[in-house]
Amino acid sequence: TVHFQKALALAEGARDAKRSAWCELRLMSALSERDGSEAAVPRLSTVRTSVTRLGDPIVATALHVFLSEVEGKRGMVHSAARHARRALSLLSHEENIWLESRALNTLVAVAIMLSDLSEAVGLGHRALDLAETSGAVAMRWACLANLGNAFYQIGDLDKSIDYFRLAAAFAPDVGEHS
């Protein structure tokens, strides 16, 4: 988070609204990862204001994607799904496969939590395809892990193990997610 705070200060000093908004989004996400989803809530008002003022559709989409992830971690599955669907709706006008894979992966997690496992598998494969196309290693890992969870819930342990093994190849070496 220190790096995002420093980047934010530099972007604000340069009066670069787009970079500032991205830094605020990433800082909010990093705080949520490090300190728990509640840590992101105090920054939300500032982030929303910056994103709205900027008026960039991709940054607005990113806000909904990051909010969907934070809301999902807070256990607010319907709010998470609403933000993820809004992001996908915005992406019907602007393409960004990385953000699309993140939004779909959130919907996979929501489907797993709601025991809609056929939906989870279908969305999971689409999210994984997009993550692979985008080259985002962390997204690929997350999608593989969610597919492993979905197949575990279905009871297909062989597929579950296969997906978890693939996910392990992309897992971070250090930190909470390792």
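A residue is called buried when its relative accessible area is under 20%. In this predicted model, R102 has a relative accessible area of 12%, so R102 is buried. E69 has a value of 16%, so E69 counts as buried too.

The side chains of E69 and R102 meet in a salt bridge, with 2.7 Å from N to O. The pair links distant parts of the chain. E69 sits in helix α4 and R102 in helix α6, 33 residues apart. Helix α4 itself covers residues 57-73. The E69 and R102 side chains also make a polar contact of 2.7 Å. Residues up to four places away in sequence can be set aside. E69 then touches R102 and T106.

The structure holds six salt bridges in total. Another of them joins E100 and R126, whose side chains meet at 3.5 Å, N to O. E100 lies in helix α6 and R126 in helix α7, so this pair ties together parts that are 26 residues apart in sequence. R126 has a relative accessibility of 40% and counts as partly exposed.

A further salt bridge joins the side chains of R19 and D16, with 2.7 Å from N to O. R19 is exposed, because its relative accessible area is 56% and the cut-off for exposed is over 50%. D16 is partly exposed, at 22%.

The nonpolar interior comes next. In soluble globular proteins, nonpolar side chains tend to be buried together. The largest nonpolar core in this model has 48 residues. L25 and M28 have the most contacts inside this core. Helix α8 gives the largest share, with nine residues.

The surroundings of M28 show contacts within the fold. Neighbours within four places in sequence are again left aside. M28 is then in contact with A40, L44, V47, F66 and L67.

Y152, L157, I161 and F164 make a nonpolar surface patch of about 380 Å². Helix α9 gives the most to this patch, with three residues. Y152 is placed in helix α8.

The loops between helices hold several residues of note. R15 lies in the loop between α1 (2-13) and α2. The phi angle of R15 is near 55°, a positive value in a residue other than glycine. R15 is exposed, with a relative accessible area of 78%. S115 lies in the loop between α6 and α7. The phi angle of S115 is near 60°, again positive in a residue other than glycine. S115 is exposed as well, at 58% relative accessible area.

M76 occupies the loop between α4 and α5. At 35% relative accessibility, M76 counts as partly exposed. M76 and V110 are 34 residues apart in sequence. In space, their C-alpha atoms are 9.4 Å apart.

A second pair spans a longer stretch of chain. Q5 is placed in helix α1 and counts as partly exposed, at 43% relative accessibility. Q5 and A120 are 115 residues apart along the chain. Their C-alpha atoms are separated by 35 Å.

Notes
Residues numbered from 1 in each chain as written. Predicted model: local features only at pLDDT ≥ 70, side-chain atom pairs only at ≥ 80, totals over all residues. Heavy atoms only, no water. Helix = DSSP H or I, 4+ residues; strand = E, 2+ residues; numbered from the N terminus. Polar contact = N/O pair within 3.5 Å; in protein donor to acceptor, adjacent residues only side chain to side chain. Contact = heavy atoms within 4.5 Å. Core = buried A, V, L, I, M, F, W, Y, C linked by side-chain atoms within 4.5 Å. Buried < 20%, exposed > 50% of the residue type's maximum accessible area, 1.4 Å probe, protein only. Patch = residues over 30% accessible without salt bridge, like charges linked within 9 Å, V, L, I, M, F, W, Y side chains within 5 Å. Areas by Shrake-Rupley, 256 points an atom, 1.4 Å probe, with all protein chains shown as cover. Salt bridge = Lys/Arg side-chain N within 4 Å of Asp/Glu carboxyl O.
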